[in-house]
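Here is a quick tour of some spots worth a look. Have the sequence and the coordinates open as you read.

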Amino acid sequence: MKREVKTESLTKYLFDAPKWGVSLVLIILLGLAADGVAFLFTGKIWWIGFAFSIPGVAALILTKPFVSATARQEFTWNRSGLLALASEVFMLLWMITALFLGIGFAYVFGVGFILAIRLVVLAAVADYRFGRMYAPAAIQTFAGAIVGVWYFGPGFIIPVVVSIVVFSVGVIVFLLLFDLPMKRTSGVGAMHFVNAFLAHLTNGSNDLEEYFHHISEYVSVPETTFFFKRAGKPDIWFVIPNLHPGPMAEIGGSNFPKILHDVFADEAVVIVSHGCASHDLNLISNRETKSITKAIRESLDSVEYTGHASRPVRTSFGTVSILSQRFGDSLLMITTRSPEMTEDMDYSIGRIVMGESKGRYENIGFVDAHNCMTAVTNIIYPSTKTGNEFISGADEAMNGMLDAEMLPFSVGAAQVIPPFGRGEGFADMGILAMVTEVAGIKTAYVLFDGNNVQMGVRETLQNAVLGLGLDEVEILTTDSHVVNSVSGRNPIGDAVSPSEIIPYVSEAVLKAVEDLSPASGGAATNMCEEVEVFGPSRIVQLTSTVNAIVTNLLPLATLLLTTAFLLIMVVCMIVL
């Protein structure tokens, strides 16, 4: 979604903290630089730099122990040093106002201002319970106040106390208002989400799963599996779960296709495709995969095997292309809109297709190939033009396959792990290929463990596979979001060129052709019961709320800062 892209763009500001020793040196040098600037303007050494360096050094030394005593997340010496350095920089920047309002006001305001900055940062990075973070946040401010009283005299006490009180109240009001919208919609504050999100990015923490648990719902959704038996060779299972492997990295159920594959590794070659599911149906944890596993095992008892299958047939309706192949009384349909954007389909589309198949087929495997990305965009709903194209196209395909000639068939499968990692869009399973052969017609189903395919790459890979002697090819992805550490965009063929991918696709397909053996097959559909997922519209709701908060942050912060500025200025004019 466009609003998701806007939220993701904030992550470009993330960076690693420098070594604490570097921060310490810079804190001292900045203090000396302040003395140098004062000397240039006045011709006299004021030793004002101590008023900035001493609080900075105190904050560097004391913040980590204070935070570690109460915080939920680790807070390193490097972060402590960076926060102290940044706070000193803010204080020095406020000293520019000394040219107009006096050095006393500038220092008083700066001391209070860094309390607000430090509390927001520590609440975001270390512990969203900002009451626990007040003491470590105030270290540099209180050290600055003590140095200020020594430097400016006893008359400094009242203004600095006012500054501390005003900024304490202001930042607490700011944080409470920041939390309020999300608390109303999900029952959990926005700072909790920020805390968990940053912990995931910086430490690999799974605290986001705890957050997701607060907004989750339990659902029961069907999965359909095509089972193929071969004499003397491993079985092949083609699984179509209507659950979504998101939201990102190792959070939630982003890697459940790989987990399913590994769970059944001793029993079959398992190919986990992408059913009709959006982020609403993200598993809140990979532990929820057990529900899918249970459904697949239970469905094994109801499979009716047959030694006959149809030739593959490709049909089109509007922008939708469907590759259909029938196995006994069950129909497998692989759908795509490539070269148009092919994104998540809402769960209801799959259920509509399954419902309309009744009386025609025992089982329907309706697969979203998820194989053409141009941008991160909206999911497809049944009420839209595109949604209706999928539904009507599926209906035509089902009718067209009713009288298909059924013949003996063979099937083979292979897996190849290319030398590309998650950063290049390739998740842990690499490439899996399943090839069927009916009356000499070979069809390759090539599955990438990844999140979508760069626009145009599908066609390039198809042509390469057709050149190997295959008659029909479709490229699919699991939609695994482990390749998305932050952004929703990291498709196959973006970071790695198609020419580099083709040798590994060719290898997987040729190995699957070599593995071809006469087979019997059948399908079964079973319910994955009580799966804990994000819940309907939660991602849209969460994203909308976050963007609304971000949009309102600047005017809110400006209002609070202006109020503090005016109050402190009045006090300083009276006292100093």
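## Asp-479: tucked away

With a relative accessibility of 1%, Asp-479 counts as buried, because the cut-off for that label is under 20%. Keep in mind that this is a predicted model. Asp-479 sits in the loop that runs between β14 (472–477) and α16 (498–514).

The backbone here deserves a glance too: Asp-479 is not a glycine, yet its phi is positive, at about 70 degrees. Most residues other than glycine have a negative phi.

## Glu-530: another positive phi

Glu-530 is also not a glycine and has a positive phi, in this case about 50 degrees. Its setting is a strand, β15, which covers residues 517–533.

Is Glu-530 buried, partly exposed or exposed? Its relative accessibility is 49%, so it counts as partly exposed. The exposed label would need over 50%.

## Two cis prolines

Next, a pair of peptide bonds. Most peptide bonds are trans. The one from Gly-246 to Pro-247, however, is cis, with omega near 10 degrees. Pro-247 belongs to strand β3, made up of residues 247–248.

Ser-338 and Pro-339 are likewise joined by a cis peptide bond, where omega is about 10 degrees. Look for Pro-339 in the loop between β9 (330–336) and α13 (347–356).

How much relative accessible area does Thr-335 have? The value is 0%, so Thr-335 is buried.

What does the side chain of Thr-335 reach? It gets to the backbone oxygen of Val-367, at 2.7 Å. Val-367 is also one of the residues that Thr-335 touches, once those up to four places away in sequence are set aside. Others on that list include Phe-366, Asp-368 and Ala-369, along with Ser-321, Ile-322, Met-345 and Phe-390.

## A nonpolar patch on the surface

Now for the outside. Ile-157, Val-161, Val-165, Val-169, Val-173, Leu-177 and Leu-180 make up a nonpolar surface patch. Together these residues have about 530 Å² of accessible area.

Methods: Residues are numbered from 1 along each chain as its sequence is written. This is a predicted model: local features need pLDDT of at least 70, side-chain atom pairs count only at pLDDT 80 or more; totals for chains, interfaces and linings use all residues. Side-chain values use heavy atoms; hydrogens and water are left out. Patches are made of residues with over 30% relative accessible area and no salt bridge: like charges are joined within 9 Å, nonpolar side chains (Val, Leu, Ile, Met, Phe, Trp, Tyr) within 5 Å. Accessible areas come from the Shrake-Rupley method with a 1.4 Å probe; for residues, only the protein chains shown count as cover. A salt bridge is a side-chain nitrogen of Lys or Arg within 4 Å of a carboxyl oxygen of Asp or Glu. Helices (H or I, at least four residues) and strands (E, at least two) are DSSP runs, numbered from the N terminus. Buried means under 20% relative accessible area, exposed over 50%, partly exposed in between (1.4 Å probe, protein chains only). A polar contact is a pair of N or O atoms within 3.5 Å; within protein, one must be able to donate a hydrogen and the other to accept it, and residues adjacent in sequence count only if both atoms are side-chain atoms. Contact means heavy atoms within 4.5 Å.
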